[in-house]
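Hi everyone, thanks for coming. I'd like to walk you through one structure today, so please have a look at the screen.

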Amino acid sequence: MKREERQTVELPGINPACYQHAFDRVTLRKMEKMPVLPLVSGAVIDFVTHHTEYMYSGNAFVINEVSQPDVYGAYVAACRALDVPRPYPSLYALPESDINAFTTGVDRPIVCANRALLNSYTNDELKFIFGHELGHYLCGHVKYHNIARWLTQGATSVVKSKFVGILWPTLMSWSRYSELSADRAGLLACQDFDVACSALLKLGGQPALRGTEPTCSPSKALEAQAAAFRGTMGEFCLLRRLYHDCEHVLGSTHPRLIERYEWLREWIDMGCFEELMDASPSERREIAQALLKDSAHHDLTLGLVMLSADCLTAELKVERKVALPLLRSAYLSGKSLVGTPLERLVMAELGVLRVESDKMRYSLELYINDPSIQKVKKVTVEVPSDDDWSHAPVEFREKMLRSRTSEIKVGIYS
């Protein structure tokens, strides 16, 4: 049975900071400080300006309200959902047979989608894809994606030998993180997790239906596959898995499909998606302003929420989807956990240490009431991080400078 297209809710006042992944934001900041990047950027802008924009505008099928009103309607819905400023980026269809879409351009980015994708996706699934690509545009990813594309396709061997060894590992890591931000934008555009999962499954190679409907929803199918995948990985923690994932470091621009699903599921379970959907325009602006005031502190705190959930689901036998929103409210807003399934958590502290070369080290200490021994036990959790002093939260740096010490304790919850 054909799924009825859903009405898209516009989200005026939404800011890309509200859905940008922490690793994306942090790595992008670090990458922009690399001295080699301005040299590469100049060459890329020249290459893209003269070889890319005119190629698509003169050789691809333009999609607009006249040429393809149905598809363009889905595109406009995604633009309005994400509060994309007018004029909207141009949309083109390419004749390629693989399922793919990308955003390119310089001064004014353009969105391109392959014919195979446009032919096999529903309008709601297209909203996810278009929202994903628009998320790249809004989060400021396009220039750096163009750099990656240029280094692999357009740069001379001399240029590659000079810059790839310096820039490439960081650029590839950032590229994977940027996809997680874009997936969140795609979800905000299609506004249905099952639709987002269906779009991801098709990207992963799901074949066309052969006369029978699937026995479970797309999200349930991915949930089952994710559980099996975690069994081979050994641990759930998404934060550690993404941070320490060595297999993809050398060349992959995208995370694994299952990891994209899990990060999107995690964002929903934390309550972030619902918060943005339910907020008024002024509330969305306030959310962005509070986050941007000290994004490093916000991003680190969300990481602590995830690490705490990993620990407490095992210690207290609480479902992860129950623990995540409770911890987010407790750590970010100071809400009490008394009367909740996590009330045995009596305190959480963060140890902050500044070590040689201005690197920062963090350790999370959770104090959990243990009725069996009638005591509070301490559980220490290592926090994966490669923060340096300049990227540490402002609050931590100010406290260290005031106390003239290289080690402090910061209260997270009590």
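Let me start with a question: what percentage of the 414 residues in the chain do buried residues make up? The answer is 52%, where buried means under 20% relative accessible area, exposed means over 50%, and partly exposed lies in between, with a 1.4 Å probe and protein chains only.

A quick word on where the numbers come from. This is a predicted model, where local features need pLDDT of at least 70 and side-chain atom pairs count only at pLDDT 80 or more, while totals for chains, interfaces and linings use all residues. Residues are numbered from 1 along each chain as its sequence is written, and side-chain values use heavy atoms, with hydrogens and water left out.

Now the overall picture. The chain has 17 helices and 8 strands; these are DSSP runs numbered from the N terminus, with helices being H or I of at least four residues and strands being E of at least two. Take the contacts with a separation of 6 or more: 69% of them join residues 24 or more positions apart. Contact here means heavy atoms within 4.5 Å.

Let's go to helix packing. Two packed helices are described by the angle between their axes and the distance between the axes. The axes are lines fitted to C-alpha atoms, for helices over the stretch in contact, and angles run from 0 to 180 degrees between N-to-C directions.

How do helix 4 and helix 6 pack? Helix 4, residues 69–81, and helix 6, residues 123–138, pack at an angle of about 50 degrees with their axes 8 Å apart. That makes helix 4 and helix 6 oblique to each other; in this scheme, under 35 degrees is roughly parallel, over 145 roughly antiparallel, 65 to 115 roughly perpendicular, and the rest oblique. From helix 4, the residues in the contact are Asp70, Val71, Ala74, Tyr75, Ala77, Ala78 and Cys79, and they meet Asn123, Leu126, Lys127, Phe130, Gly131 and Leu134 of helix 6. By class, the residues of this contact of helix 4 with helix 6 are 9 nonpolar, 2 polar and 2 charged. For the classes, Ala, Val, Leu, Ile, Met, Phe, Trp, Tyr, Cys and Pro count as nonpolar, Asp, Glu, Lys and Arg as charged, and the others, Gly among them, as polar.

Helix 6 also has a contact with helix 9, residues 193–203: their axes come within 9 Å and cross at roughly 80 degrees. Helix 6 and helix 9 are therefore roughly perpendicular to each other. On the helix 6 side we find Asp124, Glu125, Phe128 and Ile129, and on the helix 9 side Val195, Ala196, Ser198, Ala199, Leu200, Lys202 and Leu203.

Arg80 is partly exposed, at 39% relative accessible area. Leaving out residues up to four places away in sequence, Arg80 touches Glu10, Leu11, Arg86 and Tyr88.

Arg86 brings us to some backbone geometry. Most residues other than glycine have a negative phi, and most peptide bonds are trans. Arg86 and Pro87, however, are joined by a cis peptide bond, with omega about -5 degrees. Pro87 lies in the loop between helix 4 and strand 2, residues 90–94. Asp83 is in the loop between helix 4 and strand 2 as well, and has a positive phi of about 55 degrees although it is not a glycine. Is Gln374 buried or exposed? Gln374 counts as exposed, at 72% relative accessibility, and its phi is also positive, near 55 degrees.

Helix 15 is mostly covered, with 19 of its 22 residues buried. Helix 15 is followed by Lys317, whose phi is positive, near 55 degrees. Leu364, in strand 6, is buried, with a relative accessible area of 0%. Among the residues that Leu364 touches, not counting those up to four places away in sequence, are Leu304, Leu307, Ser308, Val379 and Val381.

That's my tour; I'm happy to take questions.
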